[in-house]
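Thanks, everyone. I'll keep this brisk and go through side-chain contacts. Please have a look at the screen.

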Amino acid sequence: MPMPHNPALPLRGSLRLRPAVGPWHRPAFSVAVATALPNLLLLALGRLDLVPYTAAGTMCALFAHALPYRERARALAWVVAGMAASVAVALTAASLTRSAVVLVGLAALMAAVQKLLCDATRLGPPGNVIFTFVTASAFFLPQQLGRIPGHLALVALGGLVAWLVCLAPAVVREHGPALTLARPGLPRRLRMHLPLAVRVGVGCALAGWASLAAGVGHPYWAVVTAAAVHRANTSVSFQRAWQRTVGSLLGLVVFSVAVPLTHLPRLGALPALLFVAACQVGAEATITRNYWLAQVFVTPMALLLVSLGSTEPVGTLVGDRWLDTLFGAGLGMAGAFLVTNRRAGERLTAALHQARAAQQAARTGATRAEARDRLADTLHELRESADGHAGEWWQQPAPSQEVAQVEREGHRMLALLTERQAAHV
């Protein structure tokens with residue numbers, strides 16, 4: 001029997017910038033506009049303490065931009081509902097207990113569930129990290145049961161703004177993106193993605209509890225960092241942890257320089273809100289070039305949102321964020337090593353079988369649209385599972401030649417089906 005392989009943990013080239021990929025301006029300006037609208041209203045009303053609730057909803061504007069308008073509307077509705085449900089759980093827990101240890105444990109559990117559902121439904125980009133970013137902080141907001149309905153109404157209001165902003169292009173452009181893929185059976189994918197979700201839960205709990213033990217005042221930052229470093233496999237997660245550490249350090253420098261400029265007495269909090277919007281655009285503009293560069297914008301944005309309703313000194317915020325980054329990156333990776341993904345090989349084997357079955361169905365008379373959608377979905381799953389297996393520890397060597405052959409045949413057949421369908425339109 002072949003010995004399990006342990007891929008190298010890559011550092012070389014991990015900070016290299018790549019060309020920008022895709023229409024980044026869609027999510028960038030959507031989330032900036034969606035967030036700015038309620039923020040400016042709250043500024044005028046003198047209630048910036050409510051920004052965390054409206055922002056929870058407006059962050060949903062980052063999702064579903066690659067979908068046609070009808071599917072985008074449906075997907076965004078589910079995203080907003082999922083965000084509201086997550087925040088409801090967090091706020092309820094925050095109102096019932098003041099135990100930071102318990103709240104960190106619940107935040108870690110929620111992060112694992114969000115990872116599982118986002119991976120299984122292929123919701124992304126940006127995926128589960130946005131949900132965890134919002135929810136983990138909500139666990140630590142001062143809360144009373146009687147105020148939760150009003151706060152959830154603000155989340156829903158922010159979500160409605162996000163939904164309207166993301167659907168606004170339909171007014172001037174009738175046709176949105178045309179490509180959509182069939183979605184597989186959810187129970188099977190839940191089972192395949194369970195090990196990675198457990199990793200997230202373990203890593204987030206370890207990071208958050210370590211932050212508490214060290215006396216850091218914002219343990220949810222460690223939880224978010226641990227959730228963010230987990231990618232498709234151990235090797236990619238290690239690279240992401242390194243990138244987040246470097247980007248966060250540079251982002252803390254940017255925040256330290258920007259804070260005096262965003263708290264000018266005559267302008268109040270307006271410069272801070274504008275800087276937050278600029279950081280949101282910058283993060284989306286750079287994230288496909290390299291994750292560390294996006295963190296240079298994400299870090300000051302997150303800290304500025306916290307500083308709007310806080311009187312903590314800048315030095316304290318910077319120190320807490322840096323310690324939580326180290327805890328999150330280091331102990332998040334500990335979760336990856338402690339929880340092995342034994343199902344990576346099983347998932348790859350199943351993906352190969354499904355891709356071959358889809359090719360056979362396309363040859364034997366299935367309707368072109370159904371055959372194309374099924375084949376496209378199985379090829380996506382095959383590539384995703386092969387990438388996940390390639391960088392995972394304690395796995396048997398992958399049948400790389402068989403994977404390459406099935407992908408070649410599948411893409412050739414997919415191109416032929418697409419041509420035939422176009423010819424009959």
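Let me start with Glu402. At 32% relative accessibility, this residue counts as partly exposed. Bear in mind that this is a predicted model. What does the Glu402 side chain meet in a salt bridge? Its partner is Arg356, at 3.8 Å from N to O. The cut-off here is 4 Å. Arg356 is also in the partly exposed class, with a value of 34%. Now place the two on the chain. Glu402 belongs to helix α16, and Arg356 to helix α14, residues 343-363. They are 46 residues apart, so the contact counts as one between distant parts of the chain.

Next, how many salt bridges are there by this rule? The count is 12. As a general point, side chains of opposite charge can pair when their charged atoms come close.

Take Glu392 with Arg199. Their closest N and O atoms are 2.6 Å apart. Glu392 sits in the loop between α15 and α16, while Arg199 is in helix α8, residues 186-213. That is 193 residues of separation. Are these two buried or exposed? Glu392 is buried, at 1% relative accessibility. Arg199 is buried as well, at 2%. The threshold for buried is under 20%.

Then Glu381 with Arg122. Here the closest N and O atoms are 3.2 Å apart. The glutamate is in helix α15, residues 368-390. Arg122 is in the loop between α4 and α5. The two are 259 residues apart. Glu381 has 3% relative accessibility, so it counts as buried. Arg122 has 12%, and it is buried too.

This pair belongs to a network. Salt bridges with shared partners join Arg122, Arg347, Asp377, Glu381 and Glu384.

On to the aromatics. A search of the whole structure gives 4 aromatic pairs. One of them is Phe140 with Tyr220. The ring centres are 5.6 Å apart, and the planes meet at 35°, so this pair is tilted.

Phe140 is partly exposed, at 24%. Tyr220 is buried, at 12%.

Trp221 has another contact. Arg321 lies over its face, 5.3 Å from the ring centre. There is a second case of a charge over a ring. The charged end of Arg240 sits over the ring of Tyr291, and the distance to the ring centre is 3.7 Å.

Last, the surface. Which residues make the nonpolar surface patch of about 420 Å²? They are Leu40, Leu264, Leu267, Leu270 and Leu274. Leu40 comes from helix α1, residues 25-45. At 40% relative accessibility, Leu40 counts as partly exposed. Patch residues need over 30% relative accessible area, a cut-off that Leu40 passes with its 40%.

To recap the charged pairs. Glu402 with Arg356 is a salt bridge at 3.8 Å. Glu392 with Arg199 is one at 2.6 Å. Glu381 with Arg122 is one at 3.2 Å. That's my tour, so over to you.

Definitions and conventions:
Residues numbered from 1 in each chain as written. Predicted model: local features only at pLDDT ≥ 70, side-chain atom pairs only at ≥ 80, totals over all residues. Heavy atoms only, no water. Patch = residues over 30% accessible without salt bridge, like charges linked within 9 Å, V, L, I, M, F, W, Y side chains within 5 Å. Areas by Shrake-Rupley, 256 points an atom, 1.4 Å probe, with all protein chains shown as cover. Helix = DSSP H or I, 4+ residues; strand = E, 2+ residues; numbered from the N terminus. Buried < 20%, exposed > 50% of the residue type's maximum accessible area, 1.4 Å probe, protein only. Phe/Tyr/Trp six-rings, centres within 6.5 Å; stacked < 30°, edge-to-face > 60°. Lys NZ or Arg CZ within 6 Å of the ring centre and 35° of its normal.
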